[in-house]
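Q: I have a chain open here and want to go through it. Can you take some questions?
A: Go ahead, once it is on the screen.
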Amino acid sequence: MKTASLLLLMTIAALSACRKNNDTPPAPKVSYTNMDIFTYEKDKDNANTMVWYTTHKNSRNSLKEIVADKSIEAKVLFGYYKDDKTNGLYASTQYPVLYGQEKWGTKNNTVFIKPSFEAKDFYEWSKTNKDSVTVEMIDKACELGTAIGNKVTDVKAGDVFLFQVEGKFKGIVKVNGFYFKNTCISLETWIRE
């Protein structure tokens, strides 16, 4: 009888633990990434160009990779684009060139936000404190910032922006510089997932 009661208690405890884990969403976390993304270029096969910044493995992805794995579509935060007049970061809904993303089933409407803090202050602070960005910092910064829209243009080295995909992601993006005649942008990001 004691064995049956113990077995019953163990089963109830295990079921409660499973139910508790399923009912409680994982705690938000911040992921840091330092990477380069490239622009779509006219008269070039851009299927393999790493245009899109995604939360898929905190990485950059090409259109070819996203088409091959449809789950990545929902993880696209923005893409980089440069032409003769300007450059910028664009939500997939606003990217200036349609070269396949118009067929995606999910397109995030990323909103960029101007922070209430000075970009130069964050830029300097983050050089030695990149691992100190917290969920609370990102949430508060997005709350206090001013929405810009689905794109930021005339981006320069030293710029800092916030971004938000409603109900999914929030983050900070810092522009470190440009390479290859400005066809490549170097970014650091902190994403609240």
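Q: Which residues does serine 186 touch, not counting those up to four places away in sequence?
A: This is a predicted model. In it, serine 186 touches Asn34, Met35, Asp36, Lys174, Val175, Asn176, Gly177 and Tyr179.

Q: What polar contact joins its side chain to another one?
A: The partner is aspartate 36, and the two side chains are joined by a polar contact of 3.3 Å.

Q: Is serine 186 buried or exposed?
A: Buried: its relative accessible area is 6%, and the cut-off for buried is under 20%.

Q: Where is serine 186 found?
A: In strand β11, which covers residues 184-192.

Q: And in what order do the strands of the sheet come?
A: The order is β1-β11-β10-β9-β6-β7, six strands in an open sheet with antiparallel pairing.

Q: Which strands stand at the edges?
A: β1 (30-38) and β7 (146-149). Each has a single partner strand, so one side of each has no neighbour in the sheet. On average, neighbouring strands of the sheet are turned by 30° against each other, direction ignored.

Q: What packs on the sheet?
A: Helix α3, residues 119-129, packs on it and touches β9 (160-165), β10 (169-179) and β11. The direction of α3 makes about 85° with that of β10.

Q: Back to β7. How many bridges join it to β6?
A: Three, and the two strands run antiparallel; β6 is residues 111-114. Isoleucine 113 stands opposite alanine 147 in β7.

Q: New topic, helix α4. Which of its residues are buried?
A: Val135, Ile138, Ala141 and Cys142 are buried in α4, which spans residues 135-144.

Q: Why do they line one face of the helix?
A: Because, seen down the axis of α4, the buried residues fall within an arc of 135°. As a general point, an α-helix has 3.6 residues a turn, so residues three or four places apart point the same way.

Q: What is exposed on the other side of α4?
A: Glu136 and Glu143 are exposed there.

Q: And what covers the buried residues?
A: The cover includes β1, β6, β9, β10 and β11.

Q: Whole chain now. How many helices and strands are there?
A: Four helices and 11 strands. Of the 193 residues in the protein chain, 40% are buried.

Q: What does the accessible surface come to?
A: About 11000 Å², with 54% of that belonging to carbon and sulfur atoms.

Notes: Residues are numbered from 1 along each chain as its sequence is written. This is a predicted model: local features need pLDDT of at least 70, side-chain atom pairs count only at pLDDT 80 or more; totals for chains, interfaces and linings use all residues. Side-chain values use heavy atoms; hydrogens and water are left out. Buried means under 20% relative accessible area, exposed over 50%, partly exposed in between (1.4 Å probe, protein chains only). Accessible areas come from the Shrake-Rupley method with a 1.4 Å probe; for residues, only the protein chains shown count as cover. A polar contact is a pair of N or O atoms within 3.5 Å; within protein, one must be able to donate a hydrogen and the other to accept it, and residues adjacent in sequence count only if both atoms are side-chain atoms. Contact means heavy atoms within 4.5 Å. Two strands pair if DSSP finds at least two bridges between them. Axes are lines fitted to C-alpha atoms, for helices over the stretch in contact, and angles run from 0 to 180 degrees between N-to-C directions. The arc is that of the directions from the helix axis to the C-beta atoms.
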